Amino acid sequence: MKDKHHSAVGLFSSHHDAENAVKELQSAGYNMQKLSVIGKGYHTEESVIGYYNTGDRMASWGKFGLFWGWLWGLLFGSAFFIIPGLGAVMVGGPLVSWIIGALETAFVAGGITALGGALASIGIPQNSIVQYETALKADKFLLIVNGTEQEIERAKGILLENKADEANVHTDVISTSLVPVTN
(Lines give C-alpha, C1' and ligand atoms only; values in the text may rest on other atoms or scores of the structure.)
Protein backbone atom coordinates (compact mmCIF):
# COMPACT_ATOMS: atom_id res chain seq x y z
CA MET A 1 0.00 0.00 0.00
CA LYS A 2 1.25 3.49 -0.79
CA ASP A 3 0.47 6.73 0.97
CA LYS A 4 1.56 10.33 0.58
CA HIS A 5 3.82 11.91 3.15
CA HIS A 6 3.31 15.64 3.59
CA SER A 7 5.66 17.93 5.49
CA ALA A 8 6.28 21.64 5.86
CA VAL A 9 9.77 22.78 6.80
CA GLY A 10 10.38 26.24 8.22
CA LEU A 11 13.81 27.83 8.61
CA PHE A 12 14.20 30.18 11.56
CA SER A 13 17.09 32.52 12.39
CA SER A 14 16.37 32.48 16.13
CA HIS A 15 15.17 30.01 18.70
CA HIS A 16 12.67 32.62 19.87
CA ASP A 17 10.94 32.70 16.47
CA ALA A 18 10.93 28.88 16.25
CA GLU A 19 9.46 28.70 19.76
CA ASN A 20 6.71 31.17 18.84
CA ALA A 21 5.85 29.11 15.77
CA VAL A 22 5.59 25.93 17.88
CA LYS A 23 3.31 27.75 20.35
CA GLU A 24 1.13 29.02 17.50
CA LEU A 25 0.90 25.53 15.98
CA GLN A 26 -0.05 24.14 19.39
CA SER A 27 -2.74 26.83 19.80
CA ALA A 28 -4.07 25.97 16.35
CA GLY A 29 -4.56 22.35 17.48
CA TYR A 30 -1.65 20.65 15.72
CA ASN A 31 -0.57 17.28 17.10
CA MET A 32 2.73 18.04 18.86
CA GLN A 33 3.87 14.46 18.21
CA LYS A 34 4.07 15.35 14.50
CA LEU A 35 6.47 18.28 14.98
CA SER A 36 10.26 18.13 14.94
CA VAL A 37 12.80 20.83 15.74
CA ILE A 38 16.51 20.67 15.04
CA GLY A 39 19.26 23.19 15.73
CA LYS A 40 22.70 23.54 17.12
CA GLY A 41 21.24 25.15 20.20
CA TYR A 42 24.53 26.66 21.29
CA HIS A 43 27.97 27.65 20.13
CA THR A 44 30.93 25.67 21.41
CA GLU A 45 32.59 28.77 22.83
CA GLU A 46 29.56 29.28 25.09
CA SER A 47 30.56 26.25 27.19
CA VAL A 48 27.51 24.09 27.58
CA ILE A 49 27.61 22.75 31.10
CA GLY A 50 25.85 19.46 30.39
CA TYR A 51 22.88 17.35 29.39
CA TYR A 52 20.92 14.90 31.45
CA ASN A 53 17.96 12.54 31.13
CA THR A 54 14.88 12.89 33.29
CA GLY A 55 12.83 9.78 32.59
CA ASP A 56 11.66 10.16 29.01
CA ARG A 57 13.02 13.71 28.69
CA MET A 58 16.42 15.27 28.26
CA ALA A 59 17.39 18.61 29.72
CA SER A 60 20.39 20.87 29.26
CA TRP A 61 22.11 23.77 30.89
CA GLY A 62 23.49 26.55 28.79
CA LYS A 63 22.35 29.45 26.65
CA PHE A 64 19.32 27.69 25.10
CA GLY A 65 18.66 25.27 27.97
CA LEU A 66 15.17 26.59 28.71
CA PHE A 67 14.24 26.51 25.01
CA TRP A 68 15.34 22.90 24.50
CA GLY A 69 13.95 21.77 27.86
CA TRP A 70 10.54 23.22 26.99
CA LEU A 71 10.59 21.64 23.51
CA TRP A 72 11.71 18.24 24.78
CA GLY A 73 8.81 18.20 27.21
CA LEU A 74 6.35 19.11 24.46
CA LEU A 75 7.57 17.06 21.51
CA PHE A 76 7.78 13.29 21.10
CA GLY A 77 11.43 12.25 21.56
CA SER A 78 14.66 14.16 22.14
CA ALA A 79 18.31 13.59 21.33
CA PHE A 80 21.74 15.12 21.07
CA PHE A 81 23.76 14.00 18.05
CA ILE A 82 27.22 14.79 16.78
CA ILE A 83 26.82 14.57 13.01
CA PRO A 84 29.98 14.74 10.89
CA GLY A 85 29.86 17.84 8.72
CA LEU A 86 27.22 19.48 10.92
CA GLY A 87 28.65 19.12 14.40
CA ALA A 88 26.61 18.90 17.58
CA VAL A 89 22.86 19.22 17.01
CA MET A 90 19.85 18.95 19.27
CA VAL A 91 16.71 17.29 17.95
CA GLY A 92 13.17 17.02 19.25
CA GLY A 93 10.24 15.13 17.75
CA PRO A 94 9.86 12.19 15.37
CA LEU A 95 12.99 13.29 13.49
CA VAL A 96 14.95 11.58 16.31
CA SER A 97 13.64 8.15 15.32
CA TRP A 98 14.08 8.93 11.60
CA ILE A 99 17.78 9.74 12.19
CA ILE A 100 18.24 6.57 14.24
CA GLY A 101 16.41 4.60 11.54
CA ALA A 102 18.73 6.02 8.87
CA LEU A 103 21.75 4.99 10.95
CA GLU A 104 20.44 1.52 11.75
CA THR A 105 19.46 0.69 8.18
CA ALA A 106 22.70 2.04 6.75
CA PHE A 107 20.63 4.43 4.64
CA VAL A 108 23.45 6.95 5.00
CA ALA A 109 25.60 6.69 1.88
CA GLY A 110 27.15 8.74 -0.88
CA GLY A 111 28.21 11.64 1.33
CA ILE A 112 24.76 12.10 2.86
CA THR A 113 24.60 12.67 6.63
CA ALA A 114 22.35 10.79 9.05
CA LEU A 115 20.12 13.87 9.08
CA GLY A 116 20.05 13.86 5.28
CA GLY A 117 19.15 10.17 5.27
CA ALA A 118 16.31 10.81 7.72
CA LEU A 119 14.96 13.69 5.64
CA ALA A 120 15.26 11.69 2.42
CA SER A 121 13.32 8.84 4.05
CA ILE A 122 10.29 11.12 4.39
CA GLY A 123 10.53 12.37 0.82
CA ILE A 124 12.51 15.59 1.13
CA PRO A 125 14.48 16.07 -2.10
CA GLN A 126 18.29 16.16 -2.15
CA ASN A 127 18.54 19.86 -3.09
CA SER A 128 16.35 20.79 -0.09
CA ILE A 129 18.40 18.52 2.22
CA VAL A 130 21.56 20.38 1.21
CA GLN A 131 19.78 23.70 1.84
CA TYR A 132 18.59 22.60 5.31
CA GLU A 133 21.99 21.25 6.34
CA THR A 134 23.59 24.51 5.19
CA ALA A 135 21.06 26.44 7.28
CA LEU A 136 21.93 24.34 10.34
CA LYS A 137 25.62 25.05 9.81
CA ALA A 138 24.67 28.76 9.86
CA ASP A 139 23.02 28.22 13.29
CA LYS A 140 19.44 28.34 12.05
CA PHE A 141 16.63 26.18 13.42
CA LEU A 142 14.45 23.84 11.36
CA LEU A 143 10.84 23.20 12.34
CA ILE A 144 9.27 20.25 10.51
CA VAL A 145 5.50 19.71 10.60
CA ASN A 146 3.97 16.46 9.31
CA GLY A 147 0.32 15.93 8.53
CA THR A 148 -2.35 15.90 5.89
CA GLU A 149 -2.10 18.08 2.81
CA GLN A 150 -4.55 20.58 4.33
CA GLU A 151 -2.72 20.65 7.69
CA ILE A 152 0.61 21.26 5.96
CA GLU A 153 -0.66 24.14 3.85
CA ARG A 154 -2.11 25.75 6.97
CA ALA A 155 1.13 25.05 8.89
CA LYS A 156 3.19 26.74 6.16
CA GLY A 157 1.17 29.91 6.70
CA ILE A 158 1.68 29.74 10.46
CA LEU A 159 5.44 29.24 9.98
CA LEU A 160 5.67 32.29 7.71
CA GLU A 161 3.49 34.39 10.04
CA ASN A 162 5.94 33.59 12.85
CA LYS A 163 9.03 34.94 11.10
CA ALA A 164 10.27 31.84 9.28
CA ASP A 165 12.95 32.94 6.83
CA GLU A 166 11.18 30.56 4.46
CA ALA A 167 8.76 27.65 4.59
CA ASN A 168 8.61 24.81 2.08
CA VAL A 169 6.06 22.07 1.53
CA HIS A 170 7.24 18.60 0.53
CA THR A 171 4.99 15.76 -0.61
CA ASP A 172 6.23 12.31 -1.50
CA VAL A 173 4.63 8.93 -2.07
CA ILE A 174 5.99 6.51 0.51
CA SER A 175 5.33 2.85 1.09
CA THR A 176 3.23 2.12 4.17
CA SER A 177 3.76 -1.61 3.90
CA LEU A 178 6.78 -3.83 4.41
CA VAL A 179 5.47 -6.23 1.77
CA PRO A 180 6.66 -5.42 -1.76
CA VAL A 181 3.91 -4.41 -4.14
CA THR A 182 3.86 -6.49 -7.34
CA ASN A 183 1.73 -6.27 -10.44
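How many residues sit between β5 and β6 in their hairpin? The count is 3, and G85 in the turn has a positive phi of about 90°. The model behind this is predicted, with local features needing pLDDT of at least 70 and side-chain atom pairs counting only at pLDDT 80 or more, while totals for chains, interfaces and linings use all residues. Numbering starts from 1 along each chain as its sequence is written, and side-chain values use heavy atoms, with hydrogens and water left out.

One of the bridges links F80 to M90 in β6.

Exposed means over 50% relative accessible area, buried under 20% and partly exposed in between, using a 1.4 Å probe and protein chains only. Leaving aside residues up to four places away in sequence, I82 touches G87 and A88, a contact being heavy atoms within 4.5 Å.

Over in strand β7 (residues 141-147) is N146, which is buried, with a relative accessible area of 8%. Residues touching N146 from beyond four places in sequence include H6, W98 and I122. H5 is also among them, and a polar contact of 3.0 Å joins the side chains of N146 and H5. Such a contact is a pair of N or O atoms within 3.5 Å; within protein, one must be able to donate a hydrogen and the other to accept it, and residues adjacent in sequence count only if both atoms are side-chain atoms.

Note on methods: Helix = DSSP H or I, 4+ residues; strand = E, 2+ residues; numbered from the N terminus. Pairing = 2+ DSSP bridges.
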